[in-house]
Every structure is written in C-alpha cells, then in structure tokens.
Amino acid sequence: MKIHVDQLGYRPDDVKVAILAGDEPVNGPVYLVKESDSTRVELSVSAFGKDSYSGETLYSADFSKVSEEGLYFIEYYDCSRSDSFLISPTVYRKVFEDLVHMFYFMRCGCELPEKYAGPYHHRCCHAGKTLRYDDQAMLPPMTGGWHDAGDYGRYTTPGAVTLGHLLYTYELFSVKCPTLLIPESGNGVPDILNECRYELEWLLKMQASDGSVYHKLTTERFAGFVMPEEDKDQMILYPISSMATADFAAVTALASRIFRRYDSAFAARLRAAALSAREFLYAHPDLIDFRNPPGNYTGGYWDRDDRDERMWMYAELYRLNGDVRDLAELTKLAATDIDKTTLGWGQVGGFAGLSVLFAPSDTFPDELFIAFSDAFRKRADSLMALTSENGYRLAMPLDGFVWGSNMVVMDCSAALLVASFLTGNPAYASAAEENVHYLLGRNPLNRSYITGHGSHPFRNPHNRPTASDGVDEPFPGLVSGGPSARVYDPPAKAAIPEGTPPLLCHLDEVESFSTNEIAIYWNSITALVFAYFA
Ligand code: 9MR
Ligand code: ZN
C-alpha cells in the first residue's frame, strides 16, 4: 500500500488526512503511530474509488482528531508506512521563509557573495550594455532585478506580478514575514520589502521616456547551462506592450503605497512612474501586443487581452490617488466578464480584487466591493466542490494541470483564502490547505514540489545555476512548475506517454522545462498562500 502524507506535516487544529493507494483494496487496519512512544491509534478509512486526476484507486484515513504535537507516521497492517511528519503549529514556518529567501538567489547584476549565498555564490552577471530592439541604439547596462526562471531573462509582466504577490504577502501578513540573510538586512525596512526593492529598481529602468514600458530584457535565445556570469550574449531591450505598461503602473502604485512609511522619496519616484505609465495608456486605449520578433526565442509572455492589466492599474491608482477618472474606468471594466480572481502572469484581475477588497472600507463604492467579492465567492464555491470529486482532495480543476500547474494550484488556494476572509468561513481556508498538502508530498509521486522541504523533494530543477554550480543540492525553497498533462520537452515526452493521468505527468529532470522548471511568480504565489498557514 502506498501512503501519502504532507511530508512536513499538519498543524494541530487542521483537518488531517492521509491518502492510500494500492492495487488491492484496503482490508485491514490503518494506524497513526507516534514515533516517540509508539502509541498507535486506529483510523477510520473511507474508500474514494477510482480517481481521474491520478488514475489510482484511493482511500483516505482521517486523523483530524489527533492534535498532540509530535512526530508521527501512518502504518498499514501489512507494515507499509508513510514518511514521518510533524503535528506542530509551526510546521510551515521555515518553508515560508525559504520561499521568500529564494528571490535573493535570483538577483541579477550583482555578485552573490559567499557570505549571503553560501555554496551558491557567484560573480556579477548580465552587466553589459543594452541593445534597444526598436532603433538598434546601444544603451548603458540595465542591471538589477531577478532572473525570471530557469533562464536568465527579465520580463516585465511576470516581474510585476511577482512583486504583486510579494507586496500583498507583506501587506496582509507583515508580522509573519521573515528576517532574511541579505545585504540590506537590519536597515529598518522589512526584508521582504528590501528584496522587492531590488526588483523595483530594475523595473523602473524598464520605462521609456513617454511613460510606456518595455516588455522584456533578454538575450536573443536562451543561454546554455552555464552560470549567469558566463552568459555573455547581447542583452536586448524588446518593444513595449500595453500589458507591461499597465502591470508596471499597477505595481509601482501598489509599491508606492507600501513604501511611503519607509522611504518617502522612493515612494514618490514610484508614484511618478505609475502616473506617467497611466497617462501613456490613457492616450493609447488599444491593445499593444508583444510577439517575439522573428529569430528571437526567449519567453514571449504573450497575452491577447490587456483589460485585466488595466483594471489592476485603475484599482491601485485609485487607491493611491483617489482620481475619479480611474474609478470610472475601473467600474466600467469590473462590470464586464473579465476574470476578477486570478493572480497569474497573464491574468491579473485578481490583483484588482485584492486592491479593492482589502482597502479601508470607505475607499471603493459598495458596488465594486460586491462585484469582486461575488466573483471570489463563486469561484471558491466551485473549488470547494472539487475537493470531494478527486481522491487527493485537491481544490483544483482537472484542466488546470498545464505548464506551471503548481501556480494554478496555489492560485486556487489564494482565491479560497480570499473567500474565507470575506465570509469568515474557515472551510474555505481548509480547502486551500489541501493544496498545500499536495505540494508538500501528498500526491501520487510522493514528491515534495519545494526543494529542501519534505522527505522527497524534487532535486533537479530546470534552473541554469543549479545545473552548473557544481553543488549537489539545489538551494532550498524553489517551487517546481509541477505536472503538466501536455508535456513539451524531449525527456518528458519520452518518459510520459500521452493520456497519462495529470498528477503523474512530472519528471524530476533538469531538461524537463515543461514540468520541472522554476519561476519567480510560482514561488511568490506559493509564498502568499503559505504565509497564511505559517
Ligand atoms: O510560465 C509560462 C507558462 O505558463 C507558459 O505556458 C510557457 C510557454 O509559453 O511559458 C512559461 O514561462 C516561461 C517563460 O516563457 C520564459 N522563462 C521561463 C518561464 C517558465 O517556464
Ligand atoms: Zn543575471
């Protein structure tokens, strides 16, 4: 019998369930065993039946009633057992810290000295001049920011979205945000904001003089598997897009609001940048799309709809400035069918929701609050219903297992947490936590999708520094993209036959970019969700 648990564990008052999978039916007792004194409690087991997410026949064993702290495992009468796990109120604290600390390791344009980066230290990278694509002008270096993912590109839309996750993590959970080992520590600013500022300073450089914002800064093609300082190809500043400009305006407005109490000059710079990006978009109401020019092969972050990005911008700008023009535009967009709950790289309507729903109560008109609140509640209700329709209790639709599915899993949890806040109903938060258990190993591959955490974390991320630094273990706190029902890379195509159930479509190999890459916005949304439970 295979017995899957959250490999870190459960908090004392949580719903606590282990999942059993086997070819034979469960036909004998299942125990919860406490390691310190070998006391055992027999658990009641329920049959789920055949699970479409995993293709397995599943059972669940509930031990919610046990709340005593300690180290435990689940044992079947035939002696098969689960990994050990804790029951403890602080079981998710360290992993949350590592999820936030990860961004330091993604810094570009500076040395990562051993003092901070330990064995993952490296020299300064990507500090050469910039070639502007539009006019082929050679510009000074545009250093700073975080590498996007397993590649060394820096892209505006995912960068802004990552900042959105992290700034809201700070705004909603500031007391839980960790002190990190980073050069700025101790300067009087919370470290999560210090880390955000590293990205923001770069993001500000991505704005053109007319207020518009360039879509990305990358080489023409992805680097080989080399350390970042060895990637010497020409950095190219690609054309602007309205998505980049709107995301930029939104997140600089959000950051301006948050940084005001720490550094008013920086907050003023952010606000001015947000306003000029907004002015550009008022003057350019039509979509300005970005597509990779022929012969250019780095990420496209292609979007076809900038209405959600504009909606986020209007919300943050109205919250910052109270300009009625922004409120009117926001109201117009919120009355359409644009998605209002997603916090993804291409769909950002959920950020407008966070801006509206967590604002002081007299900031936005009731009708807007209701529009966003209804959208979150509706989505949360359908996610709740899903937890009983699959055997791993996921609050996640079957068709969500795409490239970067772990982001979708966490986005579903984020929506549930918002609904829990809106209604005060803890069942939503409990459903959100089922997805946390999945990420931490309660899945058919028995794999923790966060490096360094759990008994069987993935170890071979598609991440260039990890693959070339000569250190055995990747740095901790990296989130894998996760299973993808359609795989696109050669090793995954070879290993995973078409039609394989989604939860099995993951390959812990460096070359598997479509299932096992890492990305800043996968980490940041995971941090946002884990902050709640930490
Ligand atoms: O995360 C992105 C995923 O949703 C898309 O399906 C995929 C293909 O377009 O691109 C992913 O983003 C990648 C980006 O284009 C380049 N840097 C690495 C990103 C993570 O794989
Ligand atoms: Zn770099």
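User: Into which domains is the chain divided?

Analyst: Happy to start there! This is a predicted model, in which local features need pLDDT of at least 70 and side-chain atom pairs count only at pLDDT 80 or more, while totals for chains, interfaces and linings use all residues. Residues are numbered from 1 along each chain as its sequence is written, chains are lettered from A and ligands numbered from 1 in the order in which they are written, and side-chain values use heavy atoms, with hydrogens and water left out. Domain bounds come from an automatic or database domain assignment, and here they give domain 1 (2-87) and domain 2 (93-365).

User: What distance separates the centres of domain 1 and domain 2?

Analyst: The centres are taken over C-alpha atoms. For domain 1 and domain 2 the separation is 42 Å.

User: Is strand E4 (residues 30-34) largely enclosed or left open by the rest of the structure, and why?

Analyst: Buried means under 20% relative accessible area, exposed means over 50%, and partly exposed lies in between (1.4 Å probe, protein chains only). Val30, Leu32 and Lys34 on one side of E4 are buried, as are Tyr31 and Val33 on the other. Because five of the five residues of E4 are buried, the strand is largely enclosed.

User: Which residue stands opposite leucine 32 in E7?

Analyst: E4 runs antiparallel to strand E7 (residues 70-76), and five bridges join them. E4 is also joined to strand E5 (residues 40-50) by four bridges, again antiparallel, with tyrosine 31 opposite glutamate 42. In E7, the residue opposite leucine 32 is isoleucine 74.

User: Which residue takes a positive phi in the hairpin of E4 and E5?

Analyst: This hairpin has five residues between the strands. The positive phi, near 60°, belongs to serine 38.

User: Which residue is the bridge partner of valine 17 in E6?

Analyst: Strand E3 (residues 17-21) pairs with strand E6 (residues 57-62) in the antiparallel sense, over five bridges. In E6, the partner of valine 17 is aspartate 62.

User: Which strands stand at the edges of the five-strand sheet, and why is one side of each without a neighbour?

Analyst: The five strands form an open sheet with mixed pairing, in the order E10-E9-E13-E12-E11. Each edge strand has a single partner strand, so one side is left without a neighbour in the sheet. Those edge strands are E10 (138-139) and E11 (154-155).

User: Which residues coordinate the zinc ion (ligand 2)?

Analyst: Donors are N, O and S atoms within 2.8 Å of the metal (3.2 Å for Na, K and Ca), and since water is not among the atoms, sites may look incomplete. Here the donor atoms lie at 2.0 to 2.3 Å, and their residues are spaced C-x16-C-H-x20-H in sequence. They are Cys108 (SG), Cys125 (SG), His126 (ND1) and His147 (NE2).

User: What is the geometry of the zinc site?

Analyst: Four donors count as tetrahedral if all angles lie between 85 and 135 degrees; four count as square planar and six as octahedral if opposite donors are over 155 degrees apart and all others between 65 and 115; anything else is irregular. The angles among the four donor atoms of the zinc ion are 100 to 117°. The site is therefore tetrahedral.

User: Is cysteine 108 buried or exposed?

Analyst: Cysteine 108 has a relative accessible area of 0%. Histidine 126, another zinc donor, is at 7% and counts as buried. Cysteine 108 is buried.

User: Which side chain makes a polar contact with the side chain of serine 512?

Analyst: Serine 512 lies in the loop between helix H14 (490-495) and helix H15 (513-516), and at 0% relative accessibility it counts as buried. A polar contact is a pair of N or O atoms within 3.5 Å; within protein, one must be able to donate a hydrogen and the other to accept it, and residues adjacent in sequence count only if both atoms are side-chain atoms. At 3.1 Å, the partner is aspartate 489.

How values were computed: Helices (H or I, at least four residues) and strands (E, at least two) are DSSP runs, numbered from the N terminus. Two strands pair if DSSP finds at least two bridges between them.
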